[in-house]
Amino acid sequence: MSSEPIERRVSYLGDRLKISRCTICGKEYFEVRDYCSNCGRKSYEKMALADLFFDKGTLELCTLVNEPTNKFTKLESYVYGVISFHNGKIRVPGRLTDQIIKDDKPLDLTSLEGKEVVPRFRRRYMVNKSDVIPTISLAFTFADEYYPHQEYKVIHPTKEYKLPGIVGYGVYSSSFRIQEGGIERAVPYIDEDSMTAAVESGKLALIHAGVDSACVGKVYVGSESNPYAVKPIASKVAQVLKLGKEDEDTQSVDAVDTEFACKAATSMFKDAAALVNYPNTDVEYTMVIGSDNSQAAPRGCPGGELDLFVGYGGAAFLFGKKDVIAEIEGWYSCTSDTPDFWRRDGEPFPMHGGRFTGDPAYFKHVRKAAVKLMDKLHLKPSDINYFVPHQPNPAFPTKVAKDIGFKEEQYKSALIVNKFGNTYSGCSPMGLAAVLDVAKPEELILVVSYGSGAGSDSYVLRTTSQLLEKRERQKMTVRYQAENPHIKYVDYTTYRRLKLGM
Amino acid sequence: MQNCPAIVAVGRTKFGEHYGKEPEKLIEEAWLGASRECGIERKDLQACYISDYFLPITNKLGLEEGFLSELTELHVPMEVTRSFSAALKTACHAIQAGIYDTVLVGGIEKMTDRWDKIRDDLMLLEDPWSYYAGGTPEVNHELMLRAYIKKYGIKGENLEKLNVALAQIAVKNHVNATKNPNAQYQRSITVEQVIKARKSSRKSLGLFDFAPISDGASALILTSSKKAKKTVNNPIYVLSITSATDYLDYPAREDLTHFTATKLAMKKALQTSMVNPAGLQLLELYDQSTVMEMISLEDLGLCQEGTAWKHIYESCQNLQGYYEINGKKIFTNTNGGLKADGNPLGATGGAQIFEVVKQLQGNAGERQLPSDIQPQYGCSLEIEGFGTKSYVSILGRNHS
C-alpha cells in the first residue's frame with residue numbers, strides 16, 4: 001500500500017534534502033519552513049530555502065541494522081546513523097548505501113564515525129511492483145571512496161560560439177562490478193536503477209559544465225529500462241536537478257523520455273542542439289541523458305545470451321552555445337525496420353535475434369551512418385582522431401572500426417564495454433565521454449550509435465580549447481570509475497540479485 | 001495539588017500474547033479488577049479516559065469509545081489518548097476542576113495481532129524521516145548509547161563495566177518479574193545471556209536489552225479526595241502529573257545523550273508536588289531498552305549525568321534488586337519493567353501506576369519493598385515515541 005501524495009511530498013523534500021535557514025538567527029531546519037521556531041512571527045518571509053544535494057556531511061554516530069523493517073529487507077544489512085551538515089547546524093538520519101556487509105567480518109563502527117559522507121540519490125525502499133517508486137537522498141557513501149564530493153559552482157560563460165555543441169557532461173556508474181569472460185561489467189547496487197543513474201549523471205554534468213540548472217530548457221532521457229511503462233524518468237530528473245526556473249513546486253522546463261533501444265539518447269543530440277540554436281528562445285541549455293540498468297534474462301533462458309554483456313550506467317550531456325567544449329560539425333541518421341532485439345510490453349527481459357543482430361543489423365547501420373557522414377563532410381577515416389562506435393560486446397565495435405578503416409589508436413580510447421558492460425542507451429554516450437576525457441583541442445570525434453529495431457545516428461564533433469579548462473572540474477571521469485580502487489566485485493548470484501533491485 | 005485526585009483502585013491483565021482475546025475483553029478484565037477492589041460499579045462512572053497508542057492501526061478499530069459504550073452500556077463522555085499517562089493527566093484535570101468525582105482511566109494495546117508489520121508501524125509513528133532513511137525501532141537506542149559513550153569518554157575497562165551495567169538492568173528487571181504473576185516473562189536471565197545476545201546480533205544492544213511487544217490492558221478508578229476517603233481506606237493521591245514534549249526527529253535534537261522532555265517534566269513534577277527528591281526511592285522507569293532505564297536515572301536527577309552506569313554496576317554485583325546511589329537505595333521497576341513485565345504501549349503506563357499504587361498501599365505481595373523501606377511517595381516515568389513526550393507522575397500516600 002502506498003500513498004501517492006505522501007510519496008510525492010517526501011520525494012519533493014527528500015530527493016534534494018531541502019532545508020530552510022532563518023536569515024535572522026541562522027538556525028537551519030531540514031524540510032521547508034515558513035517560520036523559524038526561535039524567531040517566530042518576525043521570521044515570516046525571512047526564511048532562506050536551500051538544500052544539501054551538492055553538500056557533504058559527516059557521519060556523527062552510527063549503528064548496524066541487520067534486522068531492517070519490512071520495506072528494507074532486500075538491503076539485508078546496512079549502517080545507519082546520524083549525519084550532520086554545516087558543522088552540526090543541521091542533523092539528519094541516514095543510511096549508508098553501496099555496502100554489502102558480510103556476517104563473518106567484524107564491523108568497527110568507531111572507525112566510521114567522523115568520516116565525511118556524500119548524499120546519494122536512491123530508491124527509498126521496497127514497494128509493490130504496481131506502486132509509485134519512492135526515492136530519497138538520505139542514502140550516503142563515504143567521500144573518500146568511489147564517489148567523491150564535488151562542489152557545484154555556477155561559472156559565468158566567457159565565450160559564445162556560432163554553432164551549438166556540448167558544454168559539459170557527466171558519467172555515472174555504480175561501484176559494483178562482475179568480472180567474467182575477461183571483461184568487467186558494472187552492477188547497480190540494489191537501490192539503484194536507470195532513474196537514479198540518470199539523476200546522478202545529470203548532477204555530474206551540471207558540476208562539469210558549471211551551468212546554472214535554471215537555464216536548462218529541456219531534458220531528454222533515453223532509456224530502455226525505465227522502471228515505469230508510463231511515467232517519465234525525465235520528470236524525476238527535472239525536479240531533482242531543478243532544471244529550468246523554479247516556480248512554486250514546478251520547474252519551468254520541458255522533459256521527455258525517448259525510446260529507440262540503445263540509440264534513444266544519441267538520437268536527441270541534434271534535437272537538443274537545434275533547440276538552443278532556435279532564434280529568440282530563452283532555452284540556453286538542453287540536457288540529454290542516456291541511462292540504463294541493461295536488462296537481460298538469466299543465463300540459459302531465452303534472451304539469456306545478453307546476460308554476458310549487460311552493464312549499468314548513464315551519461316548526461318549538456319548542449320548550448322556558450323563555453324562549448326565540442327562543436328557539432330554534422331550528423332547523419334539511418335533507420336530500417338529490422339527486428340533484431342525487442343522487448344514486448346509487460347515482459348521483464350528483451351529477446352534477441354541471435355546472429356541476425358550482426359550483419360543485417362549492427363554492422364549494416366553503423367557502417368552506413370559512419371561512411372555517409374564522412375562522405376557528407378568530405379572526411380576520410382584518417383582525418384578522424386577518435387571513432388566511438390556503439391558497443392554491445394567487445395568484438396563488434398573492433399570489427400566495425402576495422403571494416404571502416406580505423407586503426408586501433410583511433411578507437412581504443414572509446415572502448416568502455418570491457419569495463420562497464422553494454423549500458424544500452426548509455427553505451428555510445430559513455431564511449432564519447434571517455435574520449436572527451438582524454439581528447440586535445442581541435443580534434444575530430446566520430447560517434448556512431450546503434451539502436452535495435454533498427455537505426456544509427458552519427459555525429460562529427462570538433463573539440464575546442466575550453467575542453468581542457470573544464471576537465472579539472474570533473475573527478476568522476478570514465479577512467480576514474482573504471483580503475484577505481486574502491487570497486488567491489490560480486491559473484492553471479494549477487495549480480496542477479498542486485499540487478500533485479502528492490 | 002488542589003482538589004487532589006485519588007486512585008481508589010487499580011486493575012490490569014497479564015501482559016503477553018493474548019491471541020484468543022478481542023481487545024475489549026482485555027480492558028473488561030482490567031476494569032473488573034479495579035471495580036472489584038473498591039466496589040465502584042460502572043453506573044458510578046461519570047467519564048472514561050482510555051489510551052491506546054495505535055489500536056486503529058493494529059486492529060483496524062476506530063472510535064474505541066464506541067466499543068466501550070457497547071461493553072458497559074455507558075453513554076458518559078469518553079476520550080481517547082495515546083498513552084496511559086496522557087489519559088490520567090486529562091482525568092486528573094477534570095477531577096481537579098470539579099467536573100467529575102469518579103472516572104475510569106484505562107489503557108489497552110493489542111500488538112501481537114499485527115506482529116509481522118509492527119516494527120514498521122512503530123518506527124513510522126516514532127519518526128517518519130528516520131523510517132524513510134532505514135531506521136528500526138532499535139536504532140535510536142543504540143545511537144544514544146554511542147553518543148553517551150562518546151560524550152563521557154567511556155572506554156576500556158569502563159566501557160566493559162557500562163556494558164555489564166546495562167545487562168544488569170535487564171537481569172534485575174527479570175528477577176523482579178519472577179515475583180509478578182502478571183508479567184510477560186516470569187523467568188530469570190543472566191548477564192552472560194544478555195551479552196551473548198548482543199554478540200550474536202553483532203550490535204551494542206541485543207534481544208535482552210529491549211522490551212518485547214505485548215498485548216494487555218490496565219485500568220484505575222480515579223476520584224476526588226473527598227470521595228476517595230468515603231470509598232476506600234488507603235487511597236493513593238496523584239500529587240503531580242506533568243509532561244513535556246520534544247522533536248519527533250531524534251537526530252535533529254540538540255542533546256543526543258539525554259531526553260530533554262523527561263528533564264523538563266521532572267522539574268515541573270517536583271515543583272507541583274513539592275516533594276523532596278531526596279525521598280524518592282520507588283520509581284517505575286520506561287525501560288523500552290536498558291539504555292533508556294540508565295539514561296532516565298540521570299534525566300530524573302537521581303544521579304549526575306554520565307555516572308548512572310557506574311552506580312548500577314557497583315550496586316548490582318550481588319543482585320540486591322536496588323541501585324545504591326550516593327548512599328540511598330533506589331528501587332526501580334519492581335514489577336519487572338517494560339523489559340520483563342511487558343510493553344503493550346497504551347496500557348504500559350497503567351501497569352507502572354498499578355505497581356506504584358500497590359507498593360505504596362503495601363499490597364505488592366512478594367514484590368513489596370523490604371520492611372525498612374516505607375516510601376511516602378513513588379514516581380512513574382512514561383515516554384511516548386523515542387523521547388518525544390515524557391510524563392512524570394508522583395503519587396503519594398498523603399496529600400497536603
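Mentor: In this predicted model, A:Arg177 stands opposite A:Ala186, a residue of β11(A). The pairing behind this is that of strand β10 of chain A, residues 176–180, with strand β11 of chain A, residues 183–187; it is antiparallel and runs over 5 bridges. The two strands form a hairpin with 2 residues between them, and there A:Gly181 takes a positive phi near 55 degrees. Strand β10(A) also pairs with strand β24 of chain A, residues 488–489, this time in the parallel sense and through 2 bridges. A:Arg177 is again a point of reference, for it stands opposite A:Tyr489 in β24(A). In general, strands of a sheet pair through backbone hydrogen bonds, in either the parallel or the antiparallel sense.

Chain A is divided into domain 1, comprising 4–17 and 52–142, and domain 2, comprising 163–500. Their C-alpha centres lie 28 Å apart. Across the boundary, 13 residues of domain 1 of chain A are in contact with 13 residues of domain 2 of chain A. On the domain 1 side, strand β7 of chain A (residues 116–123) gives the most, with 3 residues. That side divides into 6 nonpolar, 1 polar and 6 charged residues.

Chain A also holds an open sheet of 3 strands, in the order β2-β1-β3, with antiparallel pairing. Strands β2 (28–30) and β3 (47–51) of chain A stand at its edges; each has a single partner strand, so one side of each is left without a neighbour in the sheet. From one strand to the next, the twist averages 25 degrees. Strand β1 of chain A, residues 18–22, is joined to β2(A) by 3 antiparallel bridges, and A:Ile19 stands opposite A:Phe30 in β2(A).

Chain A in turn meets chain B: 24 residues of chain B are in contact with 27 residues of chain A. On the chain B side, the elements that give two or more residues are α5 (118–126), α6 (128–132) and α7 (139–151) of chain B. Of these, α7(B) gives the most, with 5 residues. The residues on this side of chain B divide into 11 nonpolar, 6 polar and 7 charged.

Chain B has an open sheet of 11 strands with mixed pairing, in the order β3-β2-β4-β5-β1-β6-β11-β10-β7-β9-β8. Its edges are β3 (78–81) and β8 (323–325) of chain B, each with a single partner strand, so one side of each is left without a neighbour in the sheet. On average, neighbouring strands of this sheet are turned by 30 degrees against each other, direction ignored.

Technical notes. Residues numbered from 1 in each chain as written. Chains lettered and ligands numbered in written order. Predicted model: local features only at pLDDT ≥ 70, side-chain atom pairs only at ≥ 80, totals over all residues. Pairing = 2+ DSSP bridges. Helix = DSSP H or I, 4+ residues; strand = E, 2+ residues; numbered from the N terminus. Contact = placed C-beta atoms within 7 Å. Nonpolar A, V, L, I, M, F, W, Y, C, P; charged D, E, K, R; others polar. Domains from an automatic or database assignment. Axes fitted to C-alpha atoms, helices over the stretch in contact; angles between N-to-C directions.
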